[in-house]
Amino acid sequence: MRARTLVAIRRLPNGADLPLPSYATPGSAGMDLMAACDSAIELAPGARDAIPTGIAIALPTGYEAQVRPRSGLAIRHGIGMVNAPGTIDSDYRGEIRVLLINHGAEVFVVEHGMRIAQMVIAPMAQAVWQETDSLSDTMRGASGFGSTGKASANHLS
């Protein structure tokens, strides 16, 4: 059985008629977020907008919510998120908005009630820095940006 965390949620007037976010299947990690817009929002190719969801939440300390794109919108229409994943901190109490961007070739219309993103609730840690003059060695070392497959292959040959 997976862990369950109680999260306070408030429906805002623009989302009063929408269902609360929920898990589609027992194995789902994310809950769908829906657009709570007063009228249709047209996203031209290359355009972006902050789409309201009609909800605000109060996460417990030690948790975050990650807002992630929906794969169906991405593959069918080229719709993604400008800041994927978006982070909702435990001390934020405003309306959740999804920063959609249209990478597609056609205008995309966001309508009230449309599933536009998914939200994952996750525990988070805060770092405490320990300054040092050196770091431990690894196979990868300081290599970055696409180097892991090459470093592993070179190391094994």
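Residues are numbered from 1 along each chain as its sequence is written, and side-chain values use heavy atoms, with hydrogens and water left out. Please keep in mind that this is a predicted model, in which local features need pLDDT of at least 70 and side-chain atom pairs count only at pLDDT 80 or more, while totals for chains, interfaces and linings use all residues.

Is D32 buried or exposed? D32 counts as buried because its relative accessibility is 18%, and buried means under 20% relative accessible area, with exposed being over 50% and partly exposed in between (1.4 Å probe, protein chains only). The side chain of D32 makes a polar contact of 3.0 Å with that of R115. Such a contact is a pair of N or O atoms within 3.5 Å; within protein, one must be able to donate a hydrogen and the other to accept it, and residues adjacent in sequence count only if both atoms are side-chain atoms. Beyond its neighbours within four places in sequence, D32 is in contact (heavy atoms within 4.5 Å) with P21, S22, R70, R115, A117 and Q118.

The largest nonpolar core has 24 residues, and L100 and V110 touch the most other members. A core of this kind is a set of buried Ala, Val, Leu, Ile, Met, Phe, Trp, Tyr and Cys residues joined through side-chain atoms within 4.5 Å. Several strands supply at least two residues each, among them strand 2, strand 3 (41-43) and strand 9 (97-102). Strand 11 gives the most, with three residues. Leaving aside neighbours within four places in sequence, V110 is in contact with residues including A35, I41, L100 and I116.

Three strands form an open antiparallel sheet in the order 4-9-7; two strands pair if DSSP finds at least two bridges between them. Strand 4 (48-52) and strand 7 are at the edges with a single partner strand each, so one side of each has no neighbour in the sheet. Strand 4 and strand 9 are joined by five bridges, and R48 has I101 in strand 9 as its bridge partner.

Strand 6 is worth a visit too. Strand 6 runs antiparallel to strand 11, with six bridges between them, and E64 faces A122 of strand 11. Strand 6 also pairs with strand 8 (residues 86-88) in the antiparallel sense, over three bridges; there, Q66 has T87 as its bridge partner.

Technical notes: Helix = DSSP H or I, 4+ residues; strand = E, 2+ residues; numbered from the N terminus.
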